[in-house]
Amino acid sequence: MIFNKEIECMSRKNMEQLQLKRLQNIVYYCYEKVPFYKAKFDAVNLKPKDIKELKDIEKIPFTTKEDLRDNYPFDMFAVPMKEIVETHASSGTTGKPVVVGYTKNDLETWSEAVARLAAAAGVTSEDVAQVAFGYGMFTGGFGLHYGLQKLGATVIPASAGNSERQLMYMQDFKTTVLISTPSYALYLSEICEDMGIDPKSLSLKIGLFGGEGHSDELTKEVEKRWGIIDTENYGMTEITGPGVSGECTHKTGMHICEDLFYPEIIDSTTEKQLPIGEKGEMVLTTLVKEGIPMLRFRTKDITILDDKPCQCGRTSIRMHKIFGRSDDMLIIKGVNVFPSQIESVLMKFDKIAPHYQILLKSHGFMDTIEVLVEVENGDILDSYRKLEQLEKDIRHEIRTVLQIDATIKLVEPKTLERTEGKSKRVVDMRNKKQY
Ligand code: DLL
């Protein structure tokens, strides 16, 4: 089902016209309502009237996460607080969080964006959708909740954690759609099996997974374990939360709500726009947001845009699964590699479980990488020869595919940390004392 056919199947020409009109409006709006933007425009001698065509967007200075932090909590809001009806925040690893605010119209837009991605994944008003994202300052819980309700699905606001209870709801309420991070979906399947329940025997049909990436290989694993279609969606607090884009059942990339969020790909270093089809950092501009509009927000997420037609009939531009964030790219002895690429290699091996952790260490002046991987069946750990052979094979494959030399350490099943939200795959132990 296409939730908003008129918009989602619009011709390119009409979409570009709509985008230009909305871009011009939002630029005026930002300039008039947010002193931060006025100062940025004035600094480069840019006036809202200078935005005459879509490519003029390149004249607008970027906005970064740091800008939001510097204006903590509300200085980038474009409306008085009495018009803000909800706030959310993303907790960074350091310092103050980024705070965003939604007007009533913003909540409508957000619900629309999420309803579109849920419909694209095959969800209908017949479905029972269990939201296992946290309901709190994180945008995952409320965002999916609003969108699924707009679509008419029955929402179970289970929130994050308490896995046994999640499974009880899934059994008793006959949940057909699971909403969570992909790593939690995997963890939940494990708990399900531990409880003696075959995950495939439940009523689950569709997974709406996001908030973190998962490789194609991990997607297949989740699909195999649950017997479902695993779809991915993407977004971030600064732009709206979930709802920027999502996969349809053809899984040819995530369809972007282009009438709401204008996507660009730039080269992170030169900061110049790249043509469609080239890999780079995604930059997003909100086209209709009232509470906290964002002009050219640098997501740091690396992807590729694709404007080839999709069989589903939607004409929207799609984005490839995120390759990684420009700030989590690892440089191992000069070779650039994203954790997701390591995941893809690991997932090719049968005897290991889809749970791993990447440890970055330093030996003298040299950075080294160690990958801890769980074996599927602990028996192999009793056979030194088999264990050594498997470690060797994985190391060899990583070297061949990614040109990096990693130490592989196979560990007992279920010994690596599981999380109910976003997983932490990389542990940076460099510059820390090692014993
Ligand atoms: O994670 C919003 C969200 C919630 C999206 C639930 C989808 C589902 P933040 O906490 O602000 O917001 O984190 C945003 O998470 O810049 C990406 O680096 C990463 N991320 C989100 N979705 C994906 C995805 C929410 N599908 C940051 N693939 C983003 C890869 C993702 N990374």
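Visitor: What makes the crossing of α8 and α9 left-handed?
Guide: A crossing is left-handed if the near helix is turned anticlockwise from the far one by less than a right angle, and right-handed if clockwise. The axes of α8 (residues 182–194) and α9 (residues 216–226) cross at roughly 35 degrees and come within 10 Å, and the crossing is left-handed. This is a predicted model, where local features need pLDDT of at least 70 and side-chain atom pairs count only at pLDDT 80 or more, while totals for chains, interfaces and linings use all residues. Residues are numbered from 1 along each chain as its sequence is written, and side-chain values use heavy atoms, leaving out hydrogens and water.

Visitor: Why are α2 and α3 called roughly perpendicular?
Guide: Angles of 65 to 115 degrees count as roughly perpendicular. The axes of α2 and α3 (residues 35–43) cross at roughly 105 degrees, so the two helices are roughly perpendicular to each other.

Visitor: Which residues in α2 and α3 meet?
Guide: Contact means heavy atoms within 4.5 Å. Val27, Cys30, Tyr31 and Lys33 in α2 meet Pro35, Tyr37, Lys38, Phe41 and Asp42 in α3.

Visitor: What is the volume of the second largest pocket?
Guide: About 310 Å³, where a volume is the space filled by probe spheres set on the grid points. Among the residues closest to the centre of this pocket are Glu16 and Tyr262. Strand β10 (261–266) gives the largest share of the lining, four residues.

Note on methods
Axes fitted to C-alpha atoms, helices over the stretch in contact; angles between N-to-C directions. 1 Å grid on protein atoms, 1.4 Å probe; cavity = no way out; pocket = protein on both sides within 12 Å on 5 of 7 lines; lining within 4 Å. Parallel < 35°, antiparallel > 145°, perpendicular 65-115°, else oblique.
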